[in-house]
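Please look at the sequence and the model together while reading. The paragraphs that follow move from charged pairs to helices, and then to the ligand and the surface.

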Amino acid sequence: MEYYVMTLFPDMITRGLDTSIIGRAIENQVLSLEAVNIRDFTNDKHGRTDDYPYGGGAGMVMQAQPIYDCYRSIADRLAYRPRVIYLTPQGRVFNQQMAREFALEPGLVFLCGHYEGVDERVLDEIVTDQVSIGDFVLTGGELPAMCMIDAISRMIPGVLHNDESAEDDSFGDGLLEFPQYSRPETWNGRKVPQILLSGDHAKVDAWRREQSLMRTAERRPDLLETAAISPKEKEFVRNFLANKEKL
Ligand code: ADE
């Protein structure tokens, strides 16, 4: 996977992603990451990349020309037409399914906006996907791009090592992950659930599955609509919720 990020703050991207698992994958050349400075492509003699909005109003608008030339400098090097993701609260809300789909691409280009927005004409010209990371407004697209790159990269073979497997993750099967415990057996007077010490793998698996179902029912009932669960598990959730109400 090759990532290209068009931004006015390239350091934010490279410094934010040079650590931990993503940093290791870049170092091992499983991923590549290039943050391209939009300002390097402006034709303005003062280096400006934004201007006042036509029609008036607060804030500045990022101009089309530097962004388009920045995009061309990337796309002209590629043998395929990359998907270009514009980060905006107006986009489709990002989720695990989208992370899995984007992970299948040979490369991705991200466009990070700032100020009040980006000239609509360059969005029409180059953007294939508009994506939001949630219903809140950030000062720029850099953090959302970094979130997406992290989530997408975990889905690419070779990025996680065996002991960091993505299989049991929350959302893997549409459910939240079960609770985890490590040593010591008793901490601050709190004991690890006895079943996890039993060595009975079938029982542990069944307990974890039930925990996932209960957690999801309590915290994110909306996920149960689309999760991969059996009729028996649906019955289990119904009973769990009915008993909870009685308490
Ligand atoms: N830019 C500003 N806020 C954003 C959000 N919530 N998601 C994606 N891009 C953004």
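A salt bridge is a side-chain nitrogen of Lys or Arg within 4 Å of a carboxyl oxygen of Asp or Glu. By this criterion, the whole structure contains twelve salt bridges. The model is predicted, and local features need pLDDT of at least 70, side-chain atom pairs count only at pLDDT 80 or more, while totals for chains, interfaces and linings use all residues. Residues are numbered from 1 along each chain as its sequence is written, and side-chain values use heavy atoms, with hydrogens and water left out.

Side chains of opposite charge can pair when their charged atoms come close. One of these pairs is Asp-11 with Arg-15, at 3.6 Å from N to O. Both residues belong to helix α1, where they are four residues apart, about one turn of the helix. Helices (H or I, at least four residues) and strands (E, at least two) are DSSP runs, numbered from the N terminus.

Glu-235 is partly exposed because its relative accessibility is 36%; Arg-238 is exposed because its value is 52%.

Which residue forms a salt bridge with Arg-83? The partner is Glu-105, and the closest N and O atoms are 3.3 Å apart. This pair links distant parts of the chain, 22 residues apart: Arg-83 is in strand β5 (residues 83-93), and Glu-105 is in the loop between α4 (96-102) and β6 (107-111). Arg-83 is partly exposed at 22%, and Glu-105 is partly exposed at 22%. Together with Asp-129, Arg-83 and Glu-105 are linked in a network of salt bridges.

Attention now turns to two helices. The expected span of a helix is 1.5 Å times one less than its number of residues. Helix α3 (residues 64-75) has twelve residues and should therefore span 16 Å, which agrees with the 16 Å between its end C-alpha atoms. Its buried residues are Ala-64, Pro-66, Ile-67, Cys-70, Tyr-71, Ile-74 and Ala-75. Helix α6 (residues 142-153) also has twelve residues and reaches 16 Å, close to the expected 16 Å. This helix is mostly covered, with nine of its twelve residues buried, among them Pro-144, Met-146 and Ile-149.

Pro-144 is also one of the residues around the ligand, which include Leu-87, Thr-88, Ser-132, Phe-136 and Leu-138 (a heavy atom within 4 Å). A backbone N or O atom lies 3.1 Å from a ligand nitrogen in Thr-88, 2.7 Å in Phe-136 and 3.0 Å in Leu-138. Taken alone, the ligand exposes 260 Å², of which the protein buries 95%. Such accessible areas come from the Shrake-Rupley method with a 1.4 Å probe, and for residues only the protein chains shown count as cover.

Phe-136 and Leu-138 also belong to a nonpolar surface patch with Phe-9, Met-12 and Leu-143, about 440 Å² of accessible area together. Patches are made of residues with over 30% relative accessible area and no salt bridge; like charges are joined within 9 Å, and nonpolar side chains (Val, Leu, Ile, Met, Phe, Trp, Tyr) within 5 Å. Phe-9 sits in the loop between β1 (2-7) and α1 (10-16), and at 37% relative accessibility it counts as partly exposed.

Notes:
Buried < 20%, exposed > 50% of the residue type's maximum accessible area, 1.4 Å probe, protein only. Polar contact = N/O pair within 3.5 Å; in protein donor to acceptor, adjacent residues only side chain to side chain.
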